[in-house]
Amino acid sequence: MTDVISTDAPALRHGLSAPDIKVRSYLQTVTHRLRHDPVTLFFLAVILIIALAAICAPWIAPFDPNKTGTLYRLKPIGFRGFILGTDELGRDMLSRLIYGARTSLVMGLTPVVLATVIGGTLGVTAGFHGGRVNMCIMRIVDVFYAFPSVLLAVAISGTMGGGIQNGLIALTLVFIPPLCRIAETTTTQVRSLDFVEAARASGASSASIIIHHVLANAAAPLFIYASSLISVAILLAAGLSFLGLGVEPPTADWGMMLSNLRQAIYVQPLVCALPGVAIFITSLSFNLVSDGLRQAMDVRA
Amino acid sequence: MTEDKSIVSAPFRPKLEAVRDEDPRDRGGNRQPLLIVNQLRKYFPIRGGIFNHRRGEVRAVDSVSFSVLKGETLGIVGESGCGKSTLARLLMHLIPCDTGEQIFDGEAVGELRGLSLRELRRNMQMVFQDSSSSLNPRLPVEQSIAYGPRVHGMARAEAKAVARDLLDKVGLRPELFGSRYPHELSGGQKQRINIARALALNPRMLILDEAVSALDKSVQAQVLNLLRYLKRHLNLTYVFISHDLSVVQYISDRVLVMYLGEVVEIGPVDAIYTAPKHPYTAALLRSRLNLNPAERLAEAPLSGDPPNPINPPSGCRFRTRCNFAEAVCADRSPALGEHTNRSAHRAACHMVHADSGHSLSGRAASVEGAHGQRN
Amino acid sequence: MASVTEPATPLVRVSDLTVRFVSRDATVQAVDGVSFDLMPGEVLCVIGESGSGKSVTLRALMQLLPPKRTRIGGAITFNGTDILALDERRMQRIRGSKIAMVFQEPMTALDPVYTIGDQIAETVIWHEGVSRAVARARALDLLKMVRIPSPERRLNNYPHELSGGLRQRAMIAVALSCHPQLLLADEPTTALDATVQIQVLILLRKLQQEIGMGVIFVTHDLGVAAQIADKVAVMYAGRIVEYGSVQDVLMQPRHPYTLGMLASTVDGQSRDRDISAIPGSPPDMRRVPPGCSFAPRCAAAIVACTAVAPAESSVGQGHMVRCIRAEEPGGASRRTMAGVS
């Protein structure tokens, strides 16, 4: 029967070939787009370098980051082997920056990852079930949303006493509301689409529909938003440390370093600005990479 | 068997294949309609105000009853607001109905001793209108098709084989199209995938909700041919919902006309299209555009827009636009009449029933006749 | 309305119009050499499927295409004025007053936060500078002209308070508010029900005859063309493949695509046979093969068809076809009918 053959066959009758669409999987498409995006690739490399430096800190840091030396306080860049100078207690800036990367990356990534998991689950549940469940979850989330993130982080962290652990908890709580909201919005949108109805029509259970259909479609916006939150998290973590609510001395941390070096800015301005530069570069890199990922992961051609 | 064939095929479809006796899924026999729908009703509440209380309701589907016979294609036509899409979703149990019952091949659906929803879904599937959201954009089409069987317990490899076989059946080469994503396919190809997905569970009945409406005309023809082919070879029964009268005429055996949530006319396709009994059906058919420029219409057959389904007119809902409306039409809602017989042609109109109180009742065989009576 | 001696100056003259959309990924040749004339008071229907370039052609007439990405070639003349040479300011004077447009989806084409009366009045005030009172009176007249029931009440209605058919009439009223000479319609009845569609089409035809304006109506539905057109242009892959009076094109088509479209129209088809469908799908406009763009799907195609794009050839009084086999005795028509059905 002529109508059952493949639709591009008649074209071959006249020696013409049908337009050639290369069959690429989604992952291949994303990789292909990323490969042709120089800005994203560059900043991805920057992030990787920072991450590697943080991981290999014990091996690449030239000095012990906690070793003080009152003789060498606030020395400028390049002074006698201290490649980036020293801080107000005579510790090597470069080593402290490298070790500080560990803290900053942990304080930046962990809350976002935790908040994505928790907030995402809450949001998908609220979005999929709608009605009262949705109302309950989203109104509670809205209460947290009403506070500016910095104040909220400070308040929670301050109430629990300072320290890395409490700082992490505070940051996680701050990030759950926006991620929950994004998850809820996309889930609600996806839930009303035809293919979800078709899945229900084939007799699938709610769990199966969520896992196979809803999650895949809601995950992308969630992931992209989460990656843009990393840069914010790094800034917030630095802010907490700046206020003394984050890590405890003598652990190296960029925010705390900034805070301590504040008074010395007139003595060695360049050295004092270094932690700020580090925060800026890291935050910016995550921001731009997340942007690039968003463009690359767009499903429509 | 031959006796059944003659009943089935006379008077209007000499080439129709009767349902084969050997169909293992058949439980009720040839005379049993595949689907009986009784008094289906769905009102949507309109909420407003501070506490979201019920302010009114949209009477989307109002006491609709009909049967679908084995092996036939029942076309459902109506304009926007008539409730046909809601009806489709009620049949598939995608939305719960307020009242009403469904009987599938002799077994009540949803009852304790009858057919469970899960079993119903193996027998009845839906093909949606082609849209950007009819297929999951993140799954290769093969997996979209295989999802249904997997849900019902099939192993992954077997489901994939089923999916590939179906791709072949709908005219798409599995090697070429299996791993493509929906956005890489044209409208007609996506619709074929929709059909394949609906067939994956080996259903006996397909509900096609505006399945070809969004396609270009040339592609529409291809898909309609495919549907005819599949119906013959897979022993299917179709419920074909569309606003396009010509398509419904081509593909249906019987036609059901809906207006504002109610069934206004039902009967064999030729009878309805050549001699409609209900004024609305007649006006609808006259509104079709002719391809011959010499036969242009100078006057619109029906004026105005359909009234609000929130507060439909009392009695017969069509009376506000009907040329033959009289006092009795506002008082009493006309009944449709018994119509499980394959050749029954019924209309819910006071003019059709004798002794209804209408001045033209019983005397006019069709609306054209009624025009003659008036003049 | 046949005229024995046609007036000399056409209202619209399009000569060899080409439109290309350039972007990072690809260049799409949306319109590839379109030429036609429209006389005052004439209705031209441009028929085509998606991707044929019909909507792009329409928008080019009002310079509504995004300027950065679009490369337009050829000439468009309206009442003697070269449209493509006009700057944006002068174009704005013409839009709405001399040339008006009606769109497919009235809900998005009408501003939801203003009443119908306000929107009509705004157009009148902008183009003619009259007072608000005069503009409101004109709006009322227009609503009466498009046969909207209880027009005084409707003046103060918002678009969402009207049904689909009434909204479409309201949009027509907005378009006609300044008595344009040319009305462009982009599938205005596609989203409407059959009973409403026929009302709107008859209304448009009546208004067009009363006002005497030219209309270019883009659609994919041959029935619509049969109902209101004087002339028909069939577009495929950016080119006009057949052009002529509505009787010629619909009753005696000569191009295989037109023939295929008519044959595959589900209208009075015998139920026992399959519909003769045109195989394949419209071409990807990013990669147009050389030669006739319909050749890959054409049952009457020969090798010569794929070599060079066919030129316009005349097959009757004012009836043009782009097909090298159209002039054969018996025409490609018979061959195609045999091949397709």
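Predicted model: local features only at pLDDT ≥ 70, side-chain atom pairs only at ≥ 80, totals over all residues.
Tutor: Let's start with contacts: two residues are in contact if their C-beta atoms, placed from the backbone, lie within 7 Å. In chain B, residues 24 or more positions apart account for 64% of the contacts with a separation of 6 or more. Residues are numbered from 1 along each chain as its sequence is written, and chains are lettered from A and ligands numbered from 1 in the order in which they are written.

Student: What is the mean pLDDT of chain B?

Tutor: pLDDT is the predictor's confidence in each residue, from 0 to 100. For chain B the mean is 82, and 89% of its residues reach 70 or more.

Student: How many helices and strands does chain B come to?

Tutor: Helices (H or I, at least four residues) and strands (E, at least two) are DSSP runs, numbered from the N terminus. Chain B has 13 helices and 11 strands.

Student: And what share of the residues of chain B count as buried?

Tutor: The label comes from counting other C-beta atoms (placed from the backbone) within 10 Å of a residue's own: 20 or more is buried, 12 or fewer is exposed, and in between is partly exposed. Of the 375 residues of chain B, 51% count as buried. Take B:Ala282, which sits in helix 11 (residues 279–286) of chain B. B:Ala282 is buried because 23 other C-beta atoms lie within 10 Å.

Student: Let's turn to the interfaces. How many residues of chain B are in contact with chain A?

Tutor: Here 33 residues of chain B touch 28 residues of chain A. On the chain B side, two or more residues each come from helix 3 (117–123), strand 6 (124–127), helix 4 (141–151), helix 7 (187–199) and helix 8 (217–234) of chain B. Helix 8 of chain B gives the largest share, 4 residues. By class (Ala, Val, Leu, Ile, Met, Phe, Trp, Tyr, Cys and Pro count as nonpolar; Asp, Glu, Lys and Arg as charged; the others, Gly among them, as polar), that side has 13 nonpolar, 13 polar and 7 charged residues.

Student: How many residues of chain C are in contact with chain B?

Tutor: That contact joins 36 residues of chain C to 35 residues of chain B. Helix 8 of chain C gives the most to the chain C side, with 6 residues. The chain C side divides into 16 nonpolar, 14 polar and 6 charged residues.

Student: At what angle do helix 4 and helix 7 of chain C pack?

Tutor: Two packed helices are described by the angle between their axes and the distance between the axes. Axes are lines fitted to C-alpha atoms, for helices over the stretch in contact, with angles from 0 to 180 degrees between N-to-C directions. Helix 4 (residues 116–128) of chain C and helix 7 of chain C pack at about 20 degrees, their axes 8 Å apart. That makes the two roughly parallel (under 35 degrees is roughly parallel, over 145 roughly antiparallel, 65 to 115 roughly perpendicular and the rest oblique). The contact uses C:Ile116, C:Gln119, C:Ile120 and C:Thr123 of helix 4 of chain C, and C:Ala170, C:Ala173 and C:Val174 of helix 7 of chain C. By class, it has 5 nonpolar, 2 polar and no charged residues.

Student: At what angle do helix 3 and helix 5 of chain A cross?

Tutor: The axes of helix 3 (residues 38–55) and helix 5 (residues 93–129) of chain A come within 8 Å and cross at roughly 110 degrees. These two helices of chain A are therefore roughly perpendicular to each other. Among the contact residues are A:Ala51 and A:Ala54 of helix 3 of chain A, and A:Arg102 and A:Leu105 of helix 5 of chain A. The contact divides into 7 nonpolar, no polar and 1 charged.

Student: Last one: which residue other than glycine has a positive phi near 50 degrees?

Tutor: C:Glu187 does. C:Glu187 lies in the loop between strand 7 (182–186) and helix 8 of chain C, and counts as partly exposed because it has 19 C-beta neighbours inside 10 Å. C:Asn79, also not a glycine, has a positive phi of about 55 degrees. C:Asn79 lies in the loop between strand 4 (70–78) and strand 5 (81–82) of chain C.
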